[in-house]
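Hi,

Here is the structure I promised to pass on. My notes follow below it.

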Amino acid sequence: MLVTFLIGAISLGTVLLYGCMGETLMEKSGHLNLGIPGIMCMGTAGGCLGIELYLKGLADPAAANWFLLILLSILFSILFSVSAGLIYGFLTVTLRCNQNITGLAITTFGSGLAQFVMDTYVTRKGFGAAGKLISRGFVNDPNANGVLRVFFSHGFFVYFAIILAVIFTFVLNRTRVGLHLRSVGENPATADADGVNVTAYKYGSILIGSAVAGFGGLFYIMDYLKGSWENASTIEAFGWLAIALVIFALWKPNYSIFGSILFGGLSIAAFVLKGSSTQKELLKLLPYIITVLVLVFTSIRKKRENQPPASLGLSYFREDR
Amino acid sequence: MKKKTADRSTAPEQEPTQSGVKSRFELPFHIVKRPHIAPWKKILIYAIALVGGMLLSSLICAVFSKNGKNPLDFFGQLFNGSFGTPRKSWLLFLETALLLGASIALIPAFKMKFWNLGGNGQILMGCLCAYSCSYWLGGKMPDGLLLLVMFATSVAAGILWALIPALFKAVFGTNETLFTLMMNYVAAGVVLYFRSAWIKNGSGQFPTLDHGILPSLDKYSAALTVFVFFVLTVLMFVYLRYSKHGYEISVVGESMNTAKYVGIDVKKVVIRTMILSGAIAGMVGFFLIARTGAGLSDTSPNNMGFTGIMTSWLAGFNPLLMFLSCFFIAFLTRGMTQVRTDFGFTNSSVANIVIGLIYFCVISCTFFVNYKIVFRGKSGEKTDLDRKLANQVRGVK
């Protein structure tokens with residue numbers, strides 16, 4: 001049972017990890033994006049549309065090629081989530097509009113569009129088979145050693161997320177690009193004076209962040225749920241949790257790996273633990289209550305290195321001073 | 001241009017510092033901040049954005065319509081859906097009133113830059129308390145008294161849900177945006193918990209109520225709700241504009257430090273304002289349940305907590321202008337249900353897409369309210385800035 005629980009925690013945690021990494025990247029450039037839930041929905045819709053188009057061209061969905069399936073879903077997912085990110089970026093960076101309001105509008109729009117696309121253009125024929133293919137890991141035998149299964153039974157997207165988190169940590173902390181990105185988030189005027197192209201960095205981080213966040217929704221539908229779909233509001237809820245996770249992980253992608261697995265575990269605790277359905281309803285509150293506790297503790301401790309980027313949420317206009 | 005620069009940052013091998021040094025392509029205009037703007041210009045800009053957004057939506061709906069409708073039908077059906085019958089008109093005003101309630105609950109907090117994203121949760125807790133009072137006490141006491149109890153507990157629950165994040169914000173500076181957001185999910189979870197604990201048989205849904213229903217003044221029991229929230233909105237305007245509390249709220253919102261220096265107790269203002277916010281949100285919850293005795297669900301607030309954010313922001317945090325913004329959003333929501341059936345869209349999400357698009361247009365128009373685009377004059381032609389500088393120089397001489 002512990003093995004099932006851990007596998008589930010890592011798997012569901014990956015949904016949050018993608019969202020969290022995307023949001024972290026944006027927040028590092030000073031953009032609090034409340035549109036993450038919408039962007040995750042858009043990524044889902046795009047990815048599923050890509051898979052739908054691919055499967056439509058095949059006679060037998062079971063004959064789908066693993067590589068093409070992953071590649072097409074990623075490409076279409078990026079296409080959708082990045083266009084949502086581009087709207088957000090244009091409104092907040094170029095037009096310097098209020099970030100919170102723009103984010104909420106993106107969430108309304110994105111979840112609506114995703115629902116529309118999923119209900120209208122995605123028949124999900126053969127998605128069960130495609131989901132199985134995408135979630136295929138190195139160890140697929142349910143009788144294999146528990147430790148092996150915990151670490152190697154996941155699909156491509158789980159490892160991809162962890163690799164991305166490691167890369168992001170390295171780039172943010174060890175490279176010039178990361179240094180500039182952080183400086184843009186802390187004090188764009190100083191970065192600008194130093195010759196850093198503030199606009200480019202903001203756009204870059206918003207677009208890459210959107211693409212990464214979009215994978216979260218795609219992973220949830222195609223890998224975690226193996227191709228089934230109810231509505232956009234589940235993904236939205238994950239999006240909000242992912243934003244909270246950014247604070248939990250103290251704006252560090254490497255911490256977010258463990259944070260997301262913990263949150264994943266908390267989210268599925270209700271399904272794994274024994275108890276009446278009434279007690280389980282209370283257990284489902286755990287991730288939210290823990291988030292609140294973490295928010296409170298980080299605000300009480302006020303350690304300097306654990307603070308959000310200084311200019312988070314503020315627009316940058318060069319002539320302001 | 002923008003796309004190009006964005007791509008550059010994605011290529012880490014390129015030395016980013018160079019991008020600032022390289023002679024770049026120069027835009028034919030530059031952006032200047034407006035110190036102030038004439039009211040008619042502001043109204044014009046907003047009007048253009050709204051009309052533009054609606055035209056865009058109508059085009060998109062027409063393109064994706066399954067029944068081959070044209071953009072003009074979109075506007076026709078929008079009006080038909082909101083004003084077509086007396087019932088539709090009443091529902092439109094009801095929706096406006098409830099949205100107004102949600103917005104005036106949020107507005108005092110927003111004015112002091114407290115991002116209360118927890119409207120849904122606060123309203124839902126109000127719903128829960130009103131519902132459970134009626135569910136357990138209905139029939140055991142006179143209906144008038146029951147209504148009072150329902151009202152009091154809803155308001156108290158709304159206050160509690162707003163007060164928790166407010167206290168932590170005031171004492172520890174805890175991030176209120178995410179705190180209030182999480183409280184939404186906690187509230188929804190609490191409702192689901194009670195549903196699972198109380199409703200053991202049948203559909204597993206909360207049944208509709210028989211007791212504790214507000215008297216209905218009209219056929220659609222909308223008039224009382226409409227009246228209450230319209231009056232409250234005007235009162236909120238007076239409170240924010242003419243009371244000392246309202247003044248303190250706007251000082252705290254403009255600058256926390258100024259507030260401190262002039263001797264305003266910021267903590268007290270934050271807590272007091274959030275109590276007010278929560279109380280009104282709880283009231284909205286009470287009306288949602290007691291208006292018709294509706295059953296409770298975790299989505300009872302119908303996302304008004306978020307819509308309220310947009311409407312109060314659209315109104316520039318002015319309660320009187322909120323009559324317009326709430327009416328407009330309610331008009332769109334009600335009208336879109338008609339457009340949907342007429343245009344052959346099978347799912348309700350189309351309304352969200354259209355509203356989202358219109359939000360984008362209105363949000364982006366704030367750029368033109370706050371900034372001015374000045375085109376670089378041809379050589380010899382002087383720009384505003386040049387003239388200003390020249391005048392200054394002359395003045396010195």
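Is the crossing of α3(A) and α10(A) left-handed or right-handed? It is right-handed. (A crossing is left-handed if the near helix is turned anticlockwise from the far one by less than a right angle, and right-handed if clockwise.)

Two conventions before the rest. This is a predicted model, where local features need pLDDT of at least 70, side-chain atom pairs count only at pLDDT 80 or more, and totals for chains, interfaces and linings use all residues. Residues are numbered from 1 along each chain as its sequence is written, with chains lettered from A and ligands numbered from 1 in the order in which they are written.

**The helix pair**

Helix α3 (residues 66-94) and helix α10 (residues 198-224), both of chain A, have axes that come within 7 Å and cross at roughly 140 degrees. Axes are lines fitted to C-alpha atoms, for helices over the stretch in contact, and angles run from 0 to 180 degrees between N-to-C directions. α3(A) and α10(A) are therefore oblique to each other (under 35 degrees is roughly parallel, over 145 roughly antiparallel, 65 to 115 roughly perpendicular, the rest oblique). Helices are DSSP runs (H or I, at least four residues), numbered from the N terminus.

**Chain A against chain B**

Chain A puts 54 residues into the contact and chain B 49. Contact means C-beta atoms, placed from the backbone, within 7 Å. On the chain A side, α4(A) gives the most, with 13 residues. That side has 31 nonpolar, 17 polar and six charged residues. (Ala, Val, Leu, Ile, Met, Phe, Trp, Tyr, Cys and Pro count as nonpolar; Asp, Glu, Lys and Arg as charged; the others, Gly among them, as polar.)

Most residues other than glycine have a negative phi. Trp251(A) has a positive one, near 60 degrees. It sits in the loop between α11 and α12 (253-272) of chain A. Trp251(A) counts as buried because it has 23 C-beta neighbours inside 10 Å. Phe317(B) also has a positive phi, about 60 degrees. Its loop runs between α13 (304-314) and α14 (319-343) of chain B. With 18 such neighbours inside 10 Å, Phe317(B) counts as partly exposed. (Buried is 20 or more other C-beta atoms within 10 Å, exposed 12 or fewer, partly exposed in between.)

**Domains of chain B**

The domain assignment, automatic or from a database, gives domain 1 (26-65 + 345-387) and domain 2 (86-342). Their centres, over C-alpha atoms, are 31 Å apart. Domain 1 gives 10 residues to the contact and domain 2 seven.

Best wishes

Key
Helix = DSSP H or I, 4+ residues; strand = E, 2+ residues; numbered from the N terminus. Contact = placed C-beta atoms within 7 Å.
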